[in-house]
Amino acid sequence: MTGHIKYPEGGKKITLDAQNRLHVPDNPILGYVEGDGIGPDITRACLRIWDAAVEKAYGGKRKIHWCEVFMGEKAAGLYDGDYFPEETKAALKDLRVSIKGPLTTPVGGGFRSLNVALRQDLDLFACVRPVRHYPGVPSPLKKPEDVDVVIFRENTEDVYAGIEYQSGTEENKKLAKFMREEMGATFFDDAGLGVKPISPFGSKRLVRKAIEYAIENNRESVTLVHKGNIMKFTEGAFRTWGYEVAREEFGDYTITEEELYSTYGGKRPEGKVVIKDRIADIIFQLMLLRPNEFDVLATMNLNGDYLSDAIAAEVGGVGIAPGANMSNEVAVFEATHGTAPKYANQDKVNPGSLLFSGVMMLEHIGWKEAADLITVAYGEVVTKKIVTYDFARQIEGAHEVSTSGFASAIIDQINGGVDVAKYRQEREQAIQQDRKTRELRRVSAPLEEMIASGRTPHTVGDLMNPNPVSVPADTSVEDAMHLMRDNGISSVITQPGSDGQWGIMTQRDVLSRIVSANRQPASAKVGEVATKPLVTVPLDMTLHDCADMMSRNNIRRVVVADSSGTPIGIISDTDIFASVEQFGLPE
């Protein structure tokens, strides 16, 4: 690099292979942004801890070569007032993996937020926020150890895209006139107007990254969080596109929550990730009442903003909440709190958020041994009540230390001996026991468990019986009847024959077209008896609209089809009746 950024000698850059997988040398160059306000204090402390953990874990065989890059106030002083210089953007892309302290957004000028600018300019589309409890950390929950979730928040769309028109401006009046006269919209006069873009591209790449993470890290489920019951074409579409990604790209690794109950009787098959969804307001309740029901959350920008901070408050606050902004090529880890300028240069604050963002970074580059050393040492130190001022005022008998003093205590713990093997074993045992307990509840009382875990059906995709049994059109009715009896089903889908049409043969069809007509089932073909063409509905059709379609067509069941028209499920009037009787008509 030229200019103010100097790559350290002796280090090598991280590279990517053709599948965007990291190739990390033993001496990687990682970027860091010191940050504003308390940034220098916590960055100095964390650099010491990260280096100590790497040295201890690998006995000197691995070493991070740190390269300072510049954003915020320090950058403005070096680059003639430019808070986010082009040289920094180029270095963050070139180095692939970096970490930054908190940044001050300049007053005036062109930035709404430096963090937003970073995400948009580098297309870091996923904000990843792991939230879990660490031993000794004060929490308002009775069982904070139940919280262990990773939030994938879409970074580039939704209201954060910044498409707004201020009340009273000519642009606002022009848009308001168009919406009223051309689109038939109604809203109060002089309303500020904003556009909420949610695209298939943005939604699918976010959900894809969440599912990939769940598979790679042996997570149990991915939950799509949305307000699709109200905003059907934005948040509802996010939900639909999320399920499409799971089904079309990860069909060998995922099952839906409906399949978990209807096909597998509540027992999650080994290695399968359960894809489910929850309404946004419900997930806030559930993360307080039943947080261990959830592993990975995938959501849009605004919902993710609320959720990240709310869940962090359950386990100690944003002061220890880590985070990262990622694309498929670049990752920038970050402290998730503000700059706290009144504490700047006082060596006083908790470095936990930046510290654990660095733990995420070590895990990201595959150095999990060093990451686990820090995690275990942190818990040991806090359990001994050696803490910074923010925790000291909440813990009776605490020994308050400075930022640098806290870093020294963790380093001493790392060097003095940390039983990482015991930590991993105990953590894995706890996870497996928790999963087994919830599985037993799903198997023994499935309906009660659905209700308690917040699963409320809203669309035909929630209620359909998946993977319908299908037979070739030239199958004999007799063979199809045996198949229906053996599988305990009342209908079969008939595959396209010479006419190219899918069909459905029900027990009622056999009675009216075979038995009452005095025909032999062995000599009749399913394609001759089946009802054609199929009446199909999409996955995201509401239960109300589906019931209306059944009523208008005087039928008792419809086939759920994917975007290509291929049948993927069946829903009956009995399914809808049972759902409404139990849950009521959804919003």
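Which residue of strand 13 is the bridge partner of V225? The legends below begin with the answer.

View 1. The bridge partner of V225 in strand 13 is T299. This is a predicted model, in which local features need pLDDT of at least 70 and side-chain atom pairs count only at pLDDT 80 or more, while totals for chains, interfaces and linings use all residues. Residues are numbered from 1 along each chain as its sequence is written, and side-chain values use heavy atoms, with hydrogens and water left out. Strands (E, at least two residues) and helices (H or I, at least four) are DSSP runs numbered from the N terminus; two strands pair if DSSP finds at least two bridges between them. Strand 10 and strand 13 (residues 296-299) run parallel and are joined by four bridges. Strand 10 also pairs with strand 12 (residues 273-279) in the parallel sense, over six bridges, and there H226 has I279 as its bridge partner.

**View 2. Burial of strand 10.** Six of the six residues of strand 10 (residues 221-226) are buried, so this strand is largely enclosed by the rest of the structure. Buried means under 20% relative accessible area (1.4 Å probe, protein chains only). S221, T223 and V225 point one way, and V222, L224 and H226 point the other way.

View 3. Eleven strands form an open sheet with mixed pairing, in the order 4-3-5-15-14-6-7-13-10-12-11. Strand 4 (65-68) and strand 11 (254-256) are its edge strands, each pairing on one side only. From one strand to the next, the twist averages 25°.

**View 4. The second largest pocket.** This pocket holds about 540 Å³ of space. A pocket is an open set of points on a 1 Å grid over the protein atoms alone, where a 1.4 Å probe fits, with protein on both sides within 12 Å along at least five of seven lines; lining residues have an atom within 4 Å of a point. The volume is the space filled by probe spheres set on the points, which are joined across faces, edges and corners. Of the 33 lining residues, Y243, R247, T256, E259 and M464 are the closest to the centre. Helix 7 (235-249) gives the most to the lining, with five residues. Strand 11, helix 8 (257-262) and strand 12 are among the other elements that each supply at least two.

Methods: Buried < 20%, exposed > 50% of the residue type's maximum accessible area, 1.4 Å probe, protein only. Axes fitted to C-alpha atoms, helices over the stretch in contact; angles between N-to-C directions.
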